[in-house]
Each structure stands twice: as structure tokens, then as C-alpha cells.
Amino acid sequence: MANTAEQSKPRFSPSDVTVVFLLGGPGSGKGTQSSNLVRDYGFVHLSAGDLLRAEQVREGSQYGDLIKSYIREGKIVPMEITVALLSNAMAAELAADAAAPGGADKKARFLIDGFPRKLDQAVFFEDTVCPSEMTLFLDCPEEVMESRLLKRGETSGRDDDNAESIRKRFRVFVETSMPVVKAFEDQDKVVSVSATGSVDEVYARIQEGFQAKGLNPQ
């Protein structure tokens, strides 16, 4: 029995790492605001989407073709794959910190971008990897996000930056990700900010929200 309890413990403890989830519809500004938070708050930015895109082209990956077809169809990749990629990326970062001079003295902060996409992912991550400190939700109207993504699609080269994929991703986000935001709101673990206006205006709102939760720049 003791063994089972031991095995079911999360891989990392909140006393060692701070995990903040970053959620928002496609085009709400997650990538842009992540850069600001990495710079000022000492976060390590982990994008679930970037990890999945890298994995689908990694030589010898057993998941590559599967991930490719899920992303192309606008479907959510099985959570076990995404969570394993995130967990391993966190472990690699902590190992690098421990090896660096003075690196182990600071509590590691991880900003996990675009995840969890569904409620069962949130539960699975918190049970197996680490309970989150909070979720930052970028609240942005659909028409603003669509306009941003179509503009990005002119130069991004991403398969999913086209009108049909964008609409599909909106529907998936509202149906699957908003219940995650609501669930964390019930636990008083959400900083929700309006993601319209300039980058600086949105970032100022984020900083105010973080300060209210006791999370300050490093």
C-alpha cells in the first residue's frame, strides 16, 4: 500500500517549483506575453504546442505521425503524450539549474503555455507532475483573435493559421478549455485579464493580477 501511495505522488513538489498555466484562445497573445514574463519574472517558458511540433519532426519519435495528424485536424493530442513532454522538459531544466553555479538556490518557475486544454489534462498533470500555483487567462474576443491569426498566417508558415483551422480551434477552445478556467476559478487560482489593447496595456494588467496573488518579479 505504501508503494502505491509513493508511486502516485506528483513528480515535483510545489515547494521546489512554481507552475503557472497560461491559457487563452488562439491569437490571444500568449507567446508575446510569455516573453515579458520570462524576462521579468524568471519563468522558464514551456509551450505545449512548441514541444508537440518539435516532437512531430524529431527523428525516431514514436509519436511524430500521430501528433501531426491531430494538429492538422485541430484535435487535442492524447494528454499522456503532452504531459510526458512537459514533465521531461521540466526535469531537464531542473537538472541544468542544479548543475549551474547558484542555480539550485532559486525556486524554479515554469510558465506552461497553451495547457491544460481540457479538464482531465489539468487533473492528470496536477496528480502526476506538480500542482499549479495559478492559471493566467488571457480573455480576448473572437474577432480580435481571428484578425491577429490571419495576419500572422501571412508570414508564419504554420499549417493551422488559415481561416478554416482558426474557426475550428476557436470552437475547440471554448468547448474544452473554458471548463478548465472555470474549475480553477472555483479554487481561486485564476488571474483573468482582458487581452485587448496594446501589448504593454495587457502586460500591466497581468502584473497587477500577479501582485495580487503574491507573485512578484525575480
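Colleague: Let's start with Q33: which residues does Q33 touch, not counting residues up to four places away in sequence?

Modeller: Keep in mind that this is a predicted model. Q33 touches L138, V199, V202, Y203 and I206. As for its place in the fold, Q33 is found in helix 2, which covers residues 30–41.

Colleague: On to charged pairs. What makes D40 and R39 a salt bridge?

Modeller: The cut-off asks for a side-chain nitrogen of Lys or Arg within 4 Å of a carboxyl oxygen of Asp or Glu. For the side chains of D40 and R39 the N to O value is 2.9 Å, so the pair meets the definition.

Colleague: And how do you know which label, buried, partly exposed or exposed, goes to D40 and which to R39?

Modeller: Exposed means over 50%, buried under 20%, and partly exposed is in between. D40 has 21% relative accessibility, so D40 counts as partly exposed. R39 has 56%, so R39 is exposed.

Colleague: What about E55 and R58: what is their N to O value, and how is each residue labelled?

Modeller: Their side chains meet in a salt bridge at 2.8 Å, N to O. E55, at 9% relative accessibility, counts as buried, while R58, at 46%, counts as partly exposed.

Colleague: How many salt bridges turn up in a search of the whole structure?

Modeller: That search finds 6. One of them joins E126 and K189, with the closest N and O atoms 3.4 Å apart. E126 sits in helix 6 (residues 119–128) and K189 in the loop between helix 8 and strand 5 (190–194), so this pair ties together parts that are 63 residues apart in sequence. E126 and K189 are both buried.

Colleague: Now the helices. At what angle do helix 7 and helix 8 pack, and how far apart are their axes?

Modeller: Helix 7 (residues 142–156) and helix 8 (residues 163–186) pack at about 145 degrees, with axes 10 Å apart. The crossing of helix 7 past helix 8 is right-handed.

Colleague: Which residues meet there?

Modeller: From helix 7 come E142, M145, E146, L149, L150 and R152, and from helix 8 come A163, I166, R167, R169 and F170. The residues of this contact divide into 6 nonpolar, no polar and 5 charged.

Conventions. Residues are numbered from 1 along each chain as its sequence is written. This is a predicted model: local features need pLDDT of at least 70, side-chain atom pairs count only at pLDDT 80 or more; totals for chains, interfaces and linings use all residues. Side-chain values use heavy atoms; hydrogens and water are left out. Axes are lines fitted to C-alpha atoms, for helices over the stretch in contact, and angles run from 0 to 180 degrees between N-to-C directions. Helices (H or I, at least four residues) and strands (E, at least two) are DSSP runs, numbered from the N terminus. A crossing is left-handed if the near helix is turned anticlockwise from the far one by less than a right angle, and right-handed if clockwise. Contact means heavy atoms within 4.5 Å. Ala, Val, Leu, Ile, Met, Phe, Trp, Tyr, Cys and Pro count as nonpolar, Asp, Glu, Lys and Arg as charged, and the others, Gly among them, as polar. Buried means under 20% relative accessible area, exposed over 50%, partly exposed in between (1.4 Å probe, protein chains only).
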